[in-house]
Amino acid sequence: MHNKLLTFLIDDDEIFVFATKRLIQLKNFCKDVYHFSTVAEAITYFKNHKKNPDLIPDVVFIDINLQAETGWEFIDHYEELSPELAKETHIYMLSASLSHADVVKAKQYPFVKGFLNKPLSKENLTQIFAS
């Protein structure tokens with residue numbers, strides 16, 4: 001069931017990305033995990049594939065604290081682009097330290113389905129991919 005899903009990890013922490021991809025693949029949560037280190041790379045991908053539902057991710061995990069642009073800037077770009085996308089993506093914001101203000105801000109966007117603490121656990125991923 002889950003092996004048909006496409007997942008994006010947008011994070012510049014290579015250790016986190018390696019560990020999370022490995023956990024997702026070992027548990028067979030989805031068919032593919034694509035990694036982007038920057039918001040620009042991810043948004044370019046969305047723009048290039050916006051009309052193809054098979055290439056639009058089902059789930060995106062994005063760190064709010066990226067070096068070039070923040071996860072919030074990704075959210076702004078995604079919100080602008082989302083009416084043109086072939087399908088909806090569920091976005092999960094990630095942070096090493098949860099801020100109440102960030103959690104409240106994330107709830108303002110209907111496509112942001114959660115705000116999670118890093119690192120992701122098997123339980124977090126099981127719950128996300130089960131829904």
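A salt bridge is here a side-chain nitrogen of Lys or Arg within 4 Å of a carboxyl oxygen of Asp or Glu. The model is predicted, so local features need pLDDT of at least 70 and side-chain atom pairs count only at pLDDT 80 or more, while totals for chains, interfaces and linings use all residues. Residues are numbered from 1 along each chain as its sequence is written, and side-chain values use heavy atoms, with hydrogens and water left out.

**First selection: K118 and D11.** The closest N and O atoms of this salt bridge are 2.8 Å apart. K118 lies in the loop between β5 (112-117) and α5 (122-130) and D11 in the loop between β1 (6-10) and α1 (14-26), so the pair ties together parts 107 residues apart in sequence. Helices (H or I, at least four residues) and strands (E, at least two) are DSSP runs, numbered from the N terminus. D11 is buried, at 0% relative accessibility; K118 is also buried, at 15%. Buried means under 20% relative accessible area, exposed over 50%, and partly exposed in between (1.4 Å probe, protein chains only).

**Next selection: E84 and K50.** Here the closest N and O atoms of the salt bridge are 2.6 Å apart. E84 lies in the loop between α3 and β4 (90-95) and K50 in the loop between α2 (39-49) and β3 (59-63), so the pair joins parts 34 residues apart in sequence. E84 is partly exposed, at 34%, and K50 is partly exposed, at 22%.
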